[in-house]
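Please keep the 3D view at hand while reading.

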Amino acid sequence: MAHHVAETTHRLVTTPEGRIHLVEQGTGPLVLLVHGFPESWYSWRHQLPALAAAGYRAVAIDVRGYGRSSKPAATDAYRMLHLVEDNVAVVHALGERSAVVIGHDWGAGIAANSALLRPDVFRAVGLLSVPYTPRGGPRPSDVFARMGGDEEFYVSYFQEPGRAEAEIEPDVRGWLAGFYAALSADTMPAPGAPDPHFVSRAGTLRDRFPAGRMPAWLSERDLDVYAAEFERTGLSGALNRYRNMDRDWEDLAAFDGAPVTQPSVFIGGSLDASTTWLADAIEAYPVTLPGLVSSRLLDGCGHWIQQECPVEVNRILNDWLAALPATAS
């Protein structure tokens, strides 16, 4: 049954270490939407009205360090434990006891760990683009340092504070346009072209971005929204998420190999490197996501899945949400 869809409402809510900006639409069971890099609440602009129309209270946040949310100066303020605490604080600040949490890209990792660490609050979890991979294996920085041979993997490139900022911040809008295009199905480099996830010696990531091509899902206005936020905030808050992967590995040692047991859904793009590199993680879902209801790869879709393929993503999410057990009154 369709519901009346109210206008979106912006608000700031208090968390233990600052404030989180959120945008909400609709009434009903709470669905918390967590974006990835380099995005904002705006990446869920197609999902907010669709979820609200289906009878949910859809809430998209600016993750700590992004948009209008607090941006702590300390690098270690962006460790996973703090981001999970932010999500819990948002749920409680909205007067709710529980929520479904759905994340894209880094938001998928934040969503999965929110469900893992706080099953009392997060009753189900949706993961977009990046599969769930339990904590384990060698130290992440050691793994990334071995990737790429003579080239440098982008995660390693992001580690040194100020280095990636020096590439991005002189032309935020142009860099974002190139980064979005590099990972979009209709504008990504052709097979066999230099991989935009790697940096050549003395090079930059931007060297390999498609030039002068905008993906179909990204309008000039959409790009303006993203660029305006990062031009105001800078990129350090966003990049600091990558700079805490070793800290997360240490913090979550007690959860080595732990499954996420709540009802879950995964949606990936068939042309997204995240789903090909982590194909083994998807195959491991019977063990790592025993509550998995559905796992889908969308043909011809790249990394920005809820923006590239919003109609199909909305349908899958609404079907999954409708089949979840009812919340307690």
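1. Start with Arg45 and Asp222. They form a salt bridge, and their closest N and O atoms are 3.3 Å apart. Arg45 sits in the loop between strand E3 (30-34) and helix H1 (47-53), while Asp222 belongs to helix H8 (residues 220-233), so the bridge ties together parts 177 residues apart in sequence. Note that the model is predicted.

2. Check the burial of this pair. Arg45 has a relative accessible area of 14%, so it counts as buried, the limit being under 20%. Asp222 is buried too, at 8% relative accessibility.

3. Next, look at Arg79 and Asp251. Their side chains meet in a salt bridge, at 2.8 Å from N to O. Arg79 lies in the loop between strand E4 (57-61) and helix H2 (80-93), and Asp251 lies in helix H10 (residues 245-251). The pair links distant parts of the chain, 172 residues apart. Arg79 is buried at 18%. Asp251 is partly exposed at 27%.

4. Then turn to Arg135 and Asp256. This salt bridge spans 2.6 Å, N to O. Arg135 is in the loop between strand E6 (122-128) and helix H4 (140-145); Asp256 is in the loop between H10 and strand E9 (264-269). The bridge therefore ties together parts that are 121 residues apart in sequence. Asp256 is partly exposed, with 44% relative accessibility.

5. Finally, the wider picture. How many salt bridges does the structure hold? The count is 21. A network of salt bridges links Arg11, Glu24, Arg57 and Glu96.

How values were computed: Residues are numbered from 1 along each chain as its sequence is written. This is a predicted model: local features need pLDDT of at least 70, side-chain atom pairs count only at pLDDT 80 or more; totals for chains, interfaces and linings use all residues. Side-chain values use heavy atoms; hydrogens and water are left out. A salt bridge is a side-chain nitrogen of Lys or Arg within 4 Å of a carboxyl oxygen of Asp or Glu. Helices (H or I, at least four residues) and strands (E, at least two) are DSSP runs, numbered from the N terminus. Buried means under 20% relative accessible area, exposed over 50%, partly exposed in between (1.4 Å probe, protein chains only).
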